[in-house]
Structure formats: C-alpha cells, structure tokens
Amino acid sequence: MKGKKLSLLSSLLIALAAVLIVASVFFPYWKMVFYAPQYPEGLNIIVFPNKLEGEIDIVNGLNHYIGMENFSEENFPELNYLIYIMIGLAVITLITAILRKKVILYSVIGLFGILGILGVYDLSRALKKFGTNLDPMAPIKIDPFVPPILGHNTVANFVTESILGYGTYFLIAAFILLLIPLWKDRKR
C-alpha cells in the first residue's frame with residue numbers, strides 16, 4: 001500500500017491548492033462591464049461568491065427600458081451558499097494533503113471538476129434567463145439575447161464585456177496544483 005501514497009511535495013502542492021480555494025472567496029469570480037457613449041468608463045456587475053457589487057442600481061435602471069428583470073442578490077440564491085461550498089472544498093482538499101492518498105486526490109479532482117461544470121452551467125442558465133425573459137410591455141423592444149460568459153456582446157448602444165475575476169483564476173490555479181501530483185507521482 002505504500003506505493004499509493006503521495007510524496008511530501010505533492011502534499012504541499014495540494015495544501016497550497018486548499019489555500020488558493022480559501023483565498024478565492026475574497027475576490028470576484030466573474031464580472032460584466034457595460035460600455036456606452038454615455039458611460040465610457042463602464043458600468044460593472046461584479047459577482048463574488050456571496051454578494052453582488054458594482055453599479056447595479058444604474059444597470060437595473062437602464063435594463064428596465066428593455067424589460068429585463070433586476071439584478072439583485074435575491075435573484076441569485078447561490079450567493080447564500082456558494083461560499084460554504086468553496087470552504088468545504090478547501091477543507092476536503094486540505095484533508096487530502098494530510099492523508100496523502102491518491103484515491104482521495106482522484107475524488108477531490110472529480111468533485112472540483114463537477115463543481116466547475118455546475119458553476120458554468122448555473123451562470124449560463126442565469127444569463128439566458130435574464131436575456132430572454134424580457135417584458136413585452138417594455139418601452140424599448142429588442143430581440144431576446146444571451147450575454148456570453150466570456151467575451152463581448154452588443155445590445156442597442158451598449159457593448160458588454162464578460163470576464164473572469166481573480167477568484168476564478170485562483171480556483172483554476174488550485175485545480176492545476178491538484179493535477180500536478182498525478183503527473184509527478186505517476187509511478188509511485
């Protein structure tokens with residue numbers, strides 16, 4: 001059974017991944033910036049794992065004209081529990097670093113991947129909901145649209161840019177750190 005243990009260096013990399021997961025909750029995971037001639041500096045919707053920030057009231061005031069539902073923390077119930085999921089993932093990752101067992105590492109990587117896929121699905125579902133469920137009685141009529149998770153989109157005279165936040169980059173780095181021991185300890 002000794003051959004199934006991870007090296008000390010791999011254990012340290014996994015522990016560092018746990019630290020990055022915890023650090024991620026203090027930074028935005030995703031951001032959408034709205035640019036228009038009257039807002040050249042851009043208006044932001046910034047998504048943290050437990051709150052929304054930015055010029056949300058202004059964006060909601062403008063979205064009212066096209067019949068889009070308001071952005072609010074109440075419309076995103078995930079913000080009530082996502083931070084706990086991330087802390088739980090960090091704890092499981094740290095336990096993996098302490099136990100140094102490959103089979104547990106495989107499970108953590110699988111869980112991490114599933115959570116990542118669910119996160120992307122949830123965000124795409126929310127963007128579709130907001131862009132396609134427009135009030136037909138709105139003052140300005142536009143075709144339904146789906147803002148991209150990443151990249152640019154144009155609606156009327158607004159250009160939106162969707163980008164990942166630092167928190168997501170920390171999670172990506174943590175995932176990579178979890179994969180390194182699979183390669184490094186492949187013959188152990």
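1. Starting with Thr168: this residue sits in helix α5, which covers residues 166-184. Helices here are DSSP runs of H or I with at least four residues, strands are runs of E with at least two, and both are numbered from the N terminus. Thr168 has a relative accessible area of 16% and is therefore buried (under 20% is buried, over 50% exposed, in between partly exposed, with a 1.4 Å probe and protein chains only). Setting aside neighbours within four places in sequence, Thr168 is in contact with Pro28 and Tyr29, contact being heavy atoms within 4.5 Å.

2. A word on provenance. This is a predicted model, where local features need pLDDT of at least 70 and side-chain atom pairs count only at pLDDT 80 or more, while totals for chains, interfaces and linings use all residues. Numbering runs from 1 along each chain as its sequence is written, and side-chain values use heavy atoms, with hydrogens and water left out.

3. Now the sheet. Five strands form an open sheet in the order β3-β2-β1-β5-β4, with antiparallel pairing (strands pair if DSSP finds at least two bridges between them). The edges belong to β3 (52-54) and β4 (151-155); each has a single partner strand, so one side of each lacks a neighbour in the sheet. From one strand to the next, the twist averages 20 degrees.

4. Val47 has Leu52 of β3 as its bridge partner, and Ile45 has Gly54 of β3. Four residues make up the hairpin link from β2 to β3.

5. Next, β1 and β2 pair antiparallel over six bridges. Phe34 is partnered with Leu43 in β2, and the hairpin joining β1 to β2 passes through two residues.

6. On the other flank of β1, what links it to β5? Six bridges, again in the antiparallel sense. Tyr35 is the residue opposite Val159 in β5.

7. That leaves β4, which is joined to β5 by five bridges and runs antiparallel to it. His152 has Glu161 in β5 as its bridge partner. The β4-β5 hairpin has two residues between the strands, and Ala156 takes a positive phi near 55 degrees there.

8. On to the helix packing. Two packed helices are described by the angle between their axes and the distance between the axes. Axes are lines fitted to C-alpha atoms, for helices over the stretch in contact, and angles run from 0 to 180 degrees between N-to-C directions.

9. Helix α1 (residues 8-24) packs with α5 at about 165 degrees, the axes being 8 Å apart. The pair is therefore roughly antiparallel (the cut-offs: under 35 degrees roughly parallel, over 145 roughly antiparallel, 65 to 115 roughly perpendicular, the rest oblique). Their crossing is left-handed, meaning that the near helix is turned anticlockwise from the far one by less than a right angle, with clockwise giving right-handed. Residues of α1 in this contact include Leu9, Leu13, Leu16 and Leu20, and those of α5 include Phe170, Leu171, Ala174 and Leu178. By class, the contact has 16 nonpolar, three polar and one charged residues. For the classes, Ala, Val, Leu, Ile, Met, Phe, Trp, Tyr, Cys and Pro count as nonpolar, Asp, Glu, Lys and Arg as charged, and the others, Gly among them, as polar.

10. How do α4 and α5 cross, left-handed or right-handed? The crossing is left-handed. Helix α4 (residues 102-132) has its axis within 10 Å of that of α5, at a crossing angle of roughly 150 degrees, and these two helices are therefore roughly antiparallel. On the α4 side the contact includes Leu105, Tyr106, Ile109 and Phe112, and on the α5 side Leu171, Phe175, Leu179 and Leu182 are among the residues. The tally is twelve nonpolar, one polar and no charged residues.

11. Finally, Tyr65, which lies in the loop between α2 and α3 (82-99). Its relative accessibility is 43%, so Tyr65 counts as partly exposed. Leaving out residues up to four places away in sequence, Tyr65 touches Ala138, Pro139 and Ile140. Between Tyr65 and Thr132 there are 67 residues in sequence separation and 14 Å in space, C-alpha to C-alpha.
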